[in-house]
Amino acid sequence: METLTGLFNYWIVIVLMMTGFYIAIARGHLVKKVIGLNIFQTSVFLMYITMGKVRGGTAPILKDGVETYTHPLPGVLILTAIVVGVATTAVALALIVRIKESYGTIEEDELAAADREGA
Amino acid sequence: MSEHLPALQIVVPMIAAPICVLLRRRALVWPFALAAAWTSFGSSILLLRRVLQSGPWSYAMGGWAAPYGIEYRADAAGAFVVFFVAALGAIVLTYAPRSVDREIPRGKHHLFCAAYLLCMTGLQGIAITGDLFNVFVFLEISALSSYALISLGAERRALTATFQSLVMGTIGATFILIGVGLLFMMTGTLNMVDMAQRLQPEGQRTALVAFAFLSVGIATKMALFPLHLWLPNAYTYAPSVVTAFLAATSTKVSVYIGLRFIFHIFGESFAFERMPLDATLMPLALMGIVVASAVAIFQTNVKRLLAYSSIAQIGYMVLGISLATETGLTGGIVHLFNHAITKGGLFLAMGCIAYRIGSVRREDTRGLGRRMPVTMFLWVLGGLSLIGVPGTAGFVSKWYLVLGALQSGFWPVAVLLLLSSLLAVAYVWRVVETAYFREPPEGSKREEAPLSLLLPACALIAATVYFGFETSLTADVAKTAASQLLGGRP
């Protein structure tokens, strides 16, 4: 019971991680792949945030009478990682737009077929 | 000024990139970008010299002392990687204006320069930083800018190739992020030196998981067989200049990250005794060498042939790591550099060919030995270095690798290494045969590539010959780096 409830967040991390990873690999639709990647990355963000949490701790802002603070570093790191994730998504979506323009489809197997014909 | 060298090494190209976008005008952008790249090259020489003279150089970013602040730490291996990334970056960018003129629309040149400089920033940053999260951020800077660069390729297949490498690259980088997170969870620090002191990986399950995620993530990034699927298309359809730069630097920097994690952070006793990393990497490396070389023989597109050969060469570097002896590791590290100049030179020669005949298919290179004698001569020299003929840089690294394998008693590995050179002979020969022994198409005349393309290609190929004889710089630096790495965790 302890492992189930005490590590609740980590279970969620694992479920999200595997879901996202599976979508990114198994789906043929390029936008769905990007969504899968996003879920995959988000699970990692959640993992960092969870490990920074100190039970009973508040936001890490100096204040009289407060002794316990949450670890501030993971939050800061994840802010950066979120920016990286947004940039990756932006690049990926821009690519998808251009793929759609030049191939007329964004299904992976149709793209592969078009490439085989072209080659 | 000089005490801020480690920071300037990164800051110069990083600031120059957005300025390129602002300048816009081609006449201004090219000289500016070139100045930034050569400044970076110059400072990397000073950095390497200082590190070799007086040992690792620690620099506190913004004056905040490690382990709380971000530390830039250049040791022999790091400074060596920074040096060759900057060198290749500067030389390839010198080559770029003419070739890019042909392959990328004029309105996008300032964006090309910006992405190129950002890619240089990221790759150098990975090598110089002493902070694990910084490694991830620089990795993504170099990766995102390289996606932009690859997608500039003229054919539409460049787009699908980019998307494929984006998906695999992001998965790889996220795996590395997970590994870094788990390490942070155990030690509460991100500074590499500090972490190495605090981390007691023995008997910790979290350490095992972190190690597994990092190994797979880094292997994806360096295109180790069988995680190489993103590489051949990306190298084939990217613009010539981009292929030359990325093939010469990006996968090598990932190998360097691997070295850092294995030897500095986890320590070799954990990586090789507790975790069977050597027993995992060695078969993968050997399979990569043999399979990729064999596949290369049957390619009809010469750029794709060279891309498969790159996968095989990554196998040699990883083999050096998996031997985990000083000689083997020296071979692996020296091959980082030797392969960078060889492959850089070969892809620049391909760029010359693409510039003149507009194609990189083997069929279209008929009679090129007579039509473009200098370019093809450079190509042949580069090919000899891929094979590892004595007198070229490729020989030096293979020598150390074979020696390392024999010293550790892996004589079948040594035999396989020699056999793999035969495969290299086969794929190099197929191009040579087409270029020298087939008749050129009717009506073609001798038309050598312009000098501004030939000179940088000459410089790199001349370097492969030079470093085939003069090994004191490369092999000695690699030896120092290898002994520092094997010296255990700092």
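## Helix packing and chain contact in a predicted model

The axes of α3(A) and α4(A) come within 10 Å and cross at roughly 180°, where axes are lines fitted to C-alpha atoms, for helices over the stretch in contact, and angles run from 0 to 180 degrees between N-to-C directions. Because of this crossing, α3(A) is roughly antiparallel to α4(A), a term for angles over 145 degrees. This is a predicted model, in which local features need pLDDT of at least 70, side-chain atom pairs count only at pLDDT 80 or more, and totals for chains, interfaces and linings use all residues. Residues are numbered from 1 along each chain as its sequence is written, and chains are lettered from A in the order in which they are written.

The contact between the chains takes 25 residues from chain A and 22 residues from chain B, two residues being in contact if their C-beta atoms, placed from the backbone, lie within 7 Å. On the side of chain A that touches chain B, two or more residues come from each of α3 (30-52), α4 (72-103) and α5 (108-118) of chain A, and α4(A) gives the most, with 13 residues. Helices are DSSP runs (H or I, at least four residues), numbered from the N terminus.

In chain B, B:Val255 is found in helix α10 (residues 240-266) and touches B:Met222, B:Met317 and B:Leu336, not counting residues up to four places away in sequence.

Technical notes: Angles under 35 degrees count as roughly parallel, over 145 as roughly antiparallel, 65 to 115 as roughly perpendicular and the rest as oblique.
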